[in-house]
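Trainee: I am new to this one. Can you walk me through it?

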Amino acid sequence: MSRLPVFDPDGHTVNRSINYQQELNPAQYEAVTLTEGPVLVIAGAGSGKTRTLVYRLAYLVDQGVAPWNILLLTFTRKASQEMLHRASQLIDRPMHQVAGGTFHAVCHGWLRRYGHRLGYETSFTLLDRHDQADLVRMLRDRLPLKAGPGQFPRRETLVQIFGALINKNLDLDVLMEREYPQFVEQTQPVAELFQLYTSHKRAHQLLDYDDLLLEGRRLLAEHDDLRLELSQRYKYIMVDEYQDTNRLQADIVRLLAFTHDNVMAVGDDSQSIYSFRGANFRNIMDFPRLFPGTRIIKLEENYRSTQPILDLTNTIIAQASEKYTKCLFTQKKEGLRPVLLQTGSENEQSRVLCQTVTELHRQGVPWRQMAVLFRAAYHSFDLEIELLREQIPFMKFGGFKFMESAHIKDLLAYLRVAANPRDSISWNRLLQLVPGIGKKSAQKFLAQLNQNDFSLESALRWLTSQKSAKIRTATEPLAELLDQLQNPDLSPASRLNLALAYYEPILKTHFDDYPKRFRDLEHLLTITARYRALGDFLNDLTLEPPTSLADVTEASHDYLTLSTVHSAKGLEWEAVLIIWLAEGRFPSVYSQEREEELEEERRLFYVAATRARRYLYLLFPTVSYNRYLGTTLNTVSRFLRDLPGGLLEAFKVEPEW
DNA sequence: CGGATCCCGGTTTTT
DNA sequence: CCGGGATCCG
């Protein structure tokens, strides 16, 4: 059919002739055009879920809905940007006024703007997991912990407990008994520490990830006028990956939609893989109860994979103990069976993988159409060495600890204090880098700062009035730096440069791998260059930390993807290779105790395998070498054991070189 | 305060 | 067996 461009009053070229009915299947079409009232779309893997959301965005705008009246909640910022981009191409009209992003980012935006109603200044600081652990350590040292019975949890564990408390909406007693029985005797001090943790964050304008959701919800729940205003602004709400939301997020949607109920939730219970973050796959089944009158639409036709791949993935998920009937089918009947490759050592697995991708590449599959997936980031270490040796271009996603390394944290501490002088965690950090100042002095400094209402002047005074001349030679340059960083006219990049000049000698004395770390800091500088406001830079770093070296170094255009399964969610490739399909690795040893955790591992494997369009390779080494256990034998992952015959092509292989 | 020494644990997944 | 964290001691 012909598509005549027409001009709307704004002067944009508008294509008003998308034939929605023709370009979508009946179920998709219904999901796209049913704009009023609650809709739940159960979208199987590869069933055109993103396509449906994109067309719905376009359709809404085509129908005359203003883009700023739409809210698109996604799992990552990248996902929402991608959808908006595709939708704007479809209707040839910019969509950037659509509000989009993660729950955390959207709540964050509200809190910057309206947070004063809950007692937050606009300069509040976001804490990542590492900051949370630092704070817990600081507070735990203040607590008179007598050496009671049983161990006190490590600080990472404490952070985990606090997170579960919020996201799973449980009482501490119940949580401890159910999930941390080994620490049950410590429930009382843990509760005390949690109290301390919560009140400290308040007093110092600090918010962790959970606070964003918690306080975002409170903003809506306790301020009727604001709830009304936001509900009327976001007249149409779409939530992607609903199976990975938790109770808190469901509450936020419920509150936000109270004037209209125009919510479309999209998800797949079989792909719920974030229970460690408080998500529960049953949540998606609760949606109709939260929104009475929900129309449920199922997308079951798969457009991604070939039938032999679907035969395997359908079988895998059919073995799940709790499942909602859904059976994917495809028109792509032809195709190769998934291949199981059993190798000797881990290194042989790596070499066989190199051979396989090289062969696929020779047959015409570009690198960017291939991905290697694994359960945990460290599973690919050996492979990365092998890929480098073979000069196969690759990029790794997930498990990237750039932001957690000490030198990055150190450098950012100077900027964070400049942005929020109440940020006790950063003060604590940067003070202890001064030779001659340790825990005790830092503590004294903070107490003193507290009395002076955290004025920077009093901080500088303290730094320049140290009695010992030796200490003053170190604190005076620090005071000078902090004074310079205060200048509001400086760009984030120039501030970072100032801090780097001050920090470089410290870096040299603290780390023997100083050159490598210095390069990291220079990478950080290139990220900074994109920002005009210091606050934006710091927030983004916490809300969307760099996920791969790609964000830091030059991106090449054609590369093989290496990714954790979690980071591969929502993506697809011509060829997918999954490594380490051995008991203890995938499923992980940490999940072998509880049935529900094993079920999640199964869904995780399902997610991994359904990323493949044409080629699916499953690899596992029989022998693994462990430094302290010596050589051990692996058995193939339980997900591949006891499959009905004919689903897989199985080989024992040895590398040729 | 900070370096030396001892002791325990042992790479999950991420906003 | 190696590394981080807690603890001890100068």
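Some questions and answers on this model follow.

Mentor: This is a predicted model, where local features need pLDDT of at least 70, side-chain atom pairs count only at pLDDT 80 or more, and totals for chains, interfaces and linings use all residues. Residues are numbered from 1 along each chain as its sequence is written, while chains are lettered from A and ligands numbered from 1 in the order in which they are written.

Trainee: Which helix gives the largest share of the surface near DNA strand B?

Mentor: Near means that a residue's C-beta atom, placed from the backbone, lies within 6 Å of the strand. 29 residues surround DNA strand B, with Lys440 and Ser441 among the closest. Helices are DSSP runs (H or I, at least four residues), numbered from the N terminus. The largest share, three residues, comes from helix H19.

Trainee: How are helix H6 and helix H7 oriented: roughly parallel or roughly perpendicular?

Mentor: Axes are lines fitted to C-alpha atoms over the stretch in contact, and angles run from 0 to 180 degrees between N-to-C directions. The axes of H6 (residues 129-142) and H7 (residues 155-167) come within 9 Å and cross at roughly 110°. Angles of 65 to 115 degrees count as roughly perpendicular, and those under 35 as roughly parallel. So H6 and H7 are roughly perpendicular.

Trainee: Is alanine 191 buried or partly exposed?

Mentor: Alanine 191 lies in helix H9 (residues 187-203). Buried takes 20 or more other C-beta atoms within 10 Å, exposed 12 or fewer, and partly exposed is in between, with C-beta atoms placed from the backbone. Alanine 191 has 15 C-beta neighbours inside 10 Å, so it counts as partly exposed.

Technical notes
Helices (H or I, at least four residues) and strands (E, at least two) are DSSP runs, numbered from the N terminus. Angles under 35 degrees count as roughly parallel, over 145 as roughly antiparallel, 65 to 115 as roughly perpendicular and the rest as oblique.
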